[in-house]
Amino acid sequence: MDIFKKCYEYEVADKYRALGIYPYFHALQSRQDVEVVMEGKRRIMLGSNNYLGLTTNPEIIEAGIHAFEKYGSGCSGSRFLNGTLEMHLELEEELARFLRKEAVTTFSTGFQSNLGIISALVGRTDYVICDRENHASIYDGCKLSYGTMLRYRHSDMEDLEKKLQKVPETSGCLIVTDGVFSMGGDIANLPEIVRLARKYGARVMVDDAHGLGVIGEGGRGTASYYGLEDQVDIYMGTFSKSLASLGGYMAGSAKIVDFVRHNSRPFIFSASITPASCAVALTALRYIEKHPEIVARLTELAAYARSGLKARGLPVRESTTPIVPIYTYDAINTLEKAKALYEAGVYVNPVLPPATAPTECLLRTSYMATHTEALIDEAADIIRDVLGAGK
């Protein structure tokens, strides 16, 4: 049988194109900002992970330009060999201090960070236990490992304990959870996860891709939010969201980080992040440290947006994060509403399976510290009119 048979028979994208509701690959013609030009028209951007709005910050842009001029366009090698700049080490040291961990190592992307960390740590006789709503990169990291993966129902601590009880005493166990869940915007029940991990001798890893710069003291993430920084073994995160760059990281004890550096194939066999990406992430980190008020402003605007949507008759999930999903349930309805919003001047992300269950599709809205109340109100009015809320 031809291996390409599945490609020729794939019809999902063509079906949505034929219906005129295909939602992907809209082309930006401007910077990633609170308002963008996309395919020739102004759109209010409610679909970005640029939580602190730093992609347009002049100080951060200048740092990237300077690094490009000084170091060139790329490192042309892995961190293991010729691809380590002094600036990479500087970024790791400063990020470790910010996160109050002994050590940090960086990866080429956030997705690759989860692949590299989990596959290095979880061996043949080990278990990895995941929340069902964890990010796809966590699932793929589990697949790349040789261990056994168990999943517990989303934020269901009783189910997590049942899964922990299945782990043999002779096996190692790593519990992996998103800190802030990327689609629902809710925060993991980290206190109970840590308690159960201690009870059953497991270790805890938090994917803080959507937590860094968003929650916790000065934006230090989920463990800081709960006061559990000394009880979470590993943080993973990304530079592509609050730090306005590209790349990922692992933070933990020096011994664990060093082990991953020397045993993670995705780390060893990938080129390092570019000089410009490194400089931007480092400068953005320093900016957050100098301006913790930007994190407070993000929280304030997220609350404003959530209350505004509720006041307009839209059902939203309670949380304190800048991720505010609006449930539209089935795929066709979700895509139709996303298209109508796009045409009306608001960009949101339609979320379909496998990112959600088939009956829990949603429109994911997300907010930046650089949004204004007036812009949020304008977008909320459009969402209300398109979705027919309050009528």
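Student: In this predicted model, which residues of the largest nonpolar core touch the most other members?

Tutor: The largest nonpolar core in this predicted model holds 63 residues, and helix H12, which covers residues 275-290, gives the most to this core, with nine residues. In soluble globular proteins, nonpolar side chains tend to be buried together. Within the largest core, the residues that touch the most other members are Leu54, Leu160, Leu190 and Ile193.

Student: Which residues does leucine 190 touch, not counting residues up to four places away in sequence?

Tutor: Leucine 190 is one of the residues that touch the most other members of the largest core. Once residues up to four places away in sequence are not counted, leucine 190 touches Val204, Val206, Thr222, Ala223, Tyr226, Leu228 and Val232.

Student: Is serine 48 buried or exposed?

Tutor: Serine 48 is placed in the loop between strand S2 (41-45) and helix H3 (58-71). A residue is called buried when its relative accessible area is under 20%. Because serine 48 has a relative accessibility of 6%, this residue counts as buried.

Student: With which side chain does the side chain of serine 48 make a polar contact?

Tutor: Leaving aside neighbours within four places in sequence, serine 48 is in contact with Gln32, Ser366 and Met368. A polar atom of the serine 48 side chain also lies 3.0 Å from the backbone nitrogen of asparagine 50. The side-chain partner in a polar contact, at 3.4 Å, is glutamine 32.

Student: At what angle do helix H5 and helix H6 pack?

Tutor: Helix H5 (residues 110-121) and helix H6 (residues 136-144) have axes 8 Å apart, and their crossing is right-handed. The contact includes Phe111, Leu115 and Ile118 of H5 together with Ile138, Cys142 and Leu144 of H6, and by class it has seven nonpolar, four polar and one charged residues. The angle at which H5 and H6 pack is about 35°.

Student: Against which strands and which helix do the buried residues of H7 pack?

Tutor: Helix H7 spans residues 157-165, and its buried residues are Met157, Asp159, Leu160, Glu161, Lys163 and Leu164. The buried residues of H7 pack against strand S4 (127-131), strand S5 (148-152), strand S6 (173-178) and helix H8 (190-200).

Notes: Residues numbered from 1 in each chain as written. Predicted model: local features only at pLDDT ≥ 70, side-chain atom pairs only at ≥ 80, totals over all residues. Heavy atoms only, no water. Core = buried A, V, L, I, M, F, W, Y, C linked by side-chain atoms within 4.5 Å. Buried < 20%, exposed > 50% of the residue type's maximum accessible area, 1.4 Å probe, protein only. Helix = DSSP H or I, 4+ residues; strand = E, 2+ residues; numbered from the N terminus. Contact = heavy atoms within 4.5 Å. Polar contact = N/O pair within 3.5 Å; in protein donor to acceptor, adjacent residues only side chain to side chain. Axes fitted to C-alpha atoms, helices over the stretch in contact; angles between N-to-C directions. Left-handed = near helix turned anticlockwise from the far one by under 90°. Nonpolar A, V, L, I, M, F, W, Y, C, P; charged D, E, K, R; others polar.
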